[in-house]
Amino acid sequence: MKSFIYLSLGLLLAGFAFSFFLLFEGNNDRVLSWWQHFSRKSESLPFSPYKVRKVGISDLRTEPANEVVFLDQHLFWKGRGAKAKPAVDKEGTVKGFVIVDGGNGYSSLVRAKVIGAGADAFSLKPPVVQNGMITSLSVNKSSVWHNEPMTYALEEQHPFSGTAISTYPSGQIIEQRPFLDGQLHGKVCKWSPKGIQLASMEYKRGKKHGTHIFWYEKVEEPDDYKPKKSPNEEIIPTLWIELQERAKEKFKAGFGGHESNQWVNFNYRNRGGDFPVRLLEHWHENLMHGLFEGFDELGNKTFKDEYKYGLRIKHKIFDKTKL
């Protein structure tokens, strides 16, 4: 029995190796390229672009949502007003178009084209015109229809999956934006030059969805911190300064970069320090949904609203200040 199992496993591995050499000619780079394309739309597969790819924010471009435009090439008069919407399958690929408004005054020289994200992948047949109105439009070469703007990296033709990052000269991250198949998906974060987090905003397939938190660019010292002396007998008055000094020793040339600042912030919170919240929001697919609360720099609540799928159902303003 064991011999049979070993033989089966051996044949399976041999088959895999043969397939590897046949499909990819034993080239690891081709395997990686294939996997990056295969897993491009996945947020969970290991080593998918969403998990591992990083580019600069300046390397991104955003193209608008798709639409059909009709171009009348007649010299003396031109039709106008025609509108078409796509009929798509479960994958979002266009199977045809429905004319929702035929317009008027169109000649037989009218042409149609798709504009917006990935428009080069489409080719449309000349529309059918009757009595100056467009009555039908067919697809010659089809692709996926995008109802929302899509983000691409560099000159690539497939929507971007991965994380886009911008940094200060120190190496501290200014902002990072996760994208899945061309849309914001995950937690967008922003930091100050000192690494204080200024914003954390959750997105789902391009829409605000989840908790959005915004902080003041300041620190709140723990009440029980006792000033200490540095090795050269200088007084260290705050925990924040103490951790900055320790980070200088620990990270050396990397001090002030993102990793160094993250270490300071983590230890600051662990030892009772805090970063005051400015605004707290909750969203559901681009609709305000849940609590919205504002705070002043002293931590006093300035307002408290409650929303239900975009409608405000409660509102309260606080006019109270700590002395």
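This is a predicted model: local features need pLDDT of at least 70, side-chain atom pairs count only at pLDDT 80 or more; totals for chains, interfaces and linings use all residues.

**Whole chain.** I counted up the secondary structure and got five helices and 24 strands. The protein chain has 323 residues, and 36% of them count as buried. For contacts with a separation of 6 or more, I found that 46% join residues 24 or more positions apart.

**Cores.** Which residues have the most contacts inside the largest nonpolar core? I get V68, F70, F97, V114, L124, L137 and W145, out of 17 residues in that core. Strand 3 (67–72), strand 5 (94–101) and strand 6 (110–115) each give it two or more residues. Strand 6 gives the most, with three.

I then looked up F97 on its own. Leaving out residues up to four places away in sequence, F97 touches V68, V114, L124, L137 and W145, among others. Its list of partners also includes K85 and P86. Another core, of 14 residues, lies apart from the largest one, and L60, F179, L184 and V188 are among its members.

The largest pocket holds about 670 Å³ of space. I count 30 lining residues, with G118, V144, H146, Y152 and P159 nearest the centre. Strand 2 (60–63) and strand 11 (150–153) each give two or more residues to the lining. How does that lining split by class, and what are the numbers? I noted 11 charged, 10 polar and nine nonpolar residues.

Technical notes
Residues are numbered from 1 along each chain as its sequence is written. Side-chain values use heavy atoms; hydrogens and water are left out. A nonpolar core is a set of buried Ala, Val, Leu, Ile, Met, Phe, Trp, Tyr and Cys residues joined through side-chain atoms within 4.5 Å. Buried means under 20% relative accessible area, exposed over 50%, partly exposed in between (1.4 Å probe, protein chains only). Helices (H or I, at least four residues) and strands (E, at least two) are DSSP runs, numbered from the N terminus. Contact means heavy atoms within 4.5 Å. On a 1 Å grid over the protein atoms alone, a cavity is a set of points where a 1.4 Å probe fits but cannot get out, and a pocket is an open set with protein on both sides within 12 Å along at least five of seven lines; lining residues have an atom within 4 Å of a point. Grid points are joined across faces, edges and corners, and a volume is the space filled by probe spheres set on the points. Ala, Val, Leu, Ile, Met, Phe, Trp, Tyr, Cys and Pro count as nonpolar, Asp, Glu, Lys and Arg as charged, and the others, Gly among them, as polar.
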